[in-house]
Amino acid sequence: MSDVSIGSLRDEWKKNPRLRLGILAIAGIGLLYLFLVVSDYQIEQKKNFDRIAKQYTKLKRGGLDESWLQHYEEAKNFAALVESRAWRAKSRGLAQAMVQSWAEELIKKYKFSGPSLRVEQAYEVTDVDSLWQVAATLEAEYPPENIAGILREVEGSEKLLSIERLIITKNAQTIRDPKRFTLGVKAYFKLEDSKG
């Protein structure tokens, strides 16, 4: 049966020029389509190669730049400094209590009059793993000649503290009257048990 169908196809091929032309046209279109697909694939591969070559060149140039090593060392040293100076606490609540205790000692040491202390909840610093900060705001009356002392105390602390704001308002009566000040500080903690 296959001999009959192959034979009849062969006969039809010889007799019918439109069939030959149609099949050749279909084959030509198929070859053209295949050529276009291969051409598109080749263009896409060239684009990918060029993109990867540019990235490689950038990375190679960046790798030869010795300032990257210097930046890495500076960042590493800064991280070590933060690690060594950060306060230590077992929980966020204890961190808050430590800042409050530190601020109360400051109030006693400098004999502030009319102090008001507010210590906020600890929250995690987003850019540094397991580093937390606690903000505190202290308001009190304070003799103007002692302002520099308290600033030196905060900035010179062995623990990691930063002054976020200092606002000094003067009473209108005389120059010697105590000034009212608002001091905002942040203390940075490493939690020994970060579940706290």
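Which residue forms a salt bridge with Lys90, and how far apart are the closest N and O atoms? Glu192 does, at 3.4 Å. The views below show this pair and other details of a predicted model.

**Overview. The protein chain holds 5 helices and 6 strands.** Helices (H or I, at least four residues) and strands (E, at least two) are DSSP runs, numbered from the N terminus. Along the sequence the pattern reads α-α-α-β-α-β-β-β-α-β-β. Of the 196 residues in the protein chain, 23% are buried. Buried means under 20% relative accessible area, exposed over 50%, and partly exposed in between (1.4 Å probe, protein chains only). Residue numbers start from 1 along each chain as its sequence is written, and side-chain values use heavy atoms, with hydrogens and water left out. Local features need pLDDT of at least 70 and side-chain atom pairs count only at pLDDT 80 or more, whereas totals for chains, interfaces and linings use all residues.

**View 1. Lys90 and Glu192 form a salt bridge.** A salt bridge here is a side-chain nitrogen of Lys or Arg within 4 Å of a carboxyl oxygen of Asp or Glu. The Lys90 and Glu192 pair, with its closest N and O atoms 3.4 Å apart, links distant parts of the chain, 102 residues apart. Lys90 sits in the loop between strand E1 (87-89) and H4. Glu192 sits in the segment after strand E6 (179-191). Lys90 is exposed at 52% relative accessibility, while Glu192 is partly exposed at 49%. The structure has 5 salt bridges.

**View 2. Glu83, Arg88 and Lys190 are linked in a network of salt bridges.** Within this view, the side chains of Arg88 and Glu83 meet at 3.2 Å, N to O. Arg88 is partly exposed, with a relative accessible area of 32%. Glu83 is also partly exposed, at 35%. Side chains of opposite charge can pair when their charged atoms come close.

View 3. Asp50 is partly exposed at 31% relative accessibility. Lys46 is exposed at 52%.

**View 4. Helices H4 and H5 pack at an angle of about 150 degrees.** H4 covers residues 92-110 and H5 covers residues 147-155. Their axes are 12 Å apart. Axes are lines fitted to C-alpha atoms, for helices over the stretch in contact, and angles run from 0 to 180 degrees between N-to-C directions. H4 and H5 are therefore roughly antiparallel to each other. Angles over 145 degrees count as roughly antiparallel, under 35 as roughly parallel, 65 to 115 as roughly perpendicular and the rest as oblique.

**View 5. Trp13, Ile23 and Leu24 make a nonpolar surface patch of about 290 Å².** Patches are made of residues with over 30% relative accessible area and no salt bridge; like charges are joined within 9 Å, nonpolar side chains (Val, Leu, Ile, Met, Phe, Trp, Tyr) within 5 Å. Accessible areas come from the Shrake-Rupley method with a 1.4 Å probe; for residues, only the protein chains shown count as cover. Trp13 lies in helix H1 (residues 2-15). Trp13 is partly exposed, with a relative accessible area of 34%.

**View 6. Lys111 has a positive phi, near 50 degrees.** Most residues other than glycine have a negative phi. Lys111 lies in the loop between H4 and strand E2 (113-119). Lys111 is exposed, at 70% relative accessibility.
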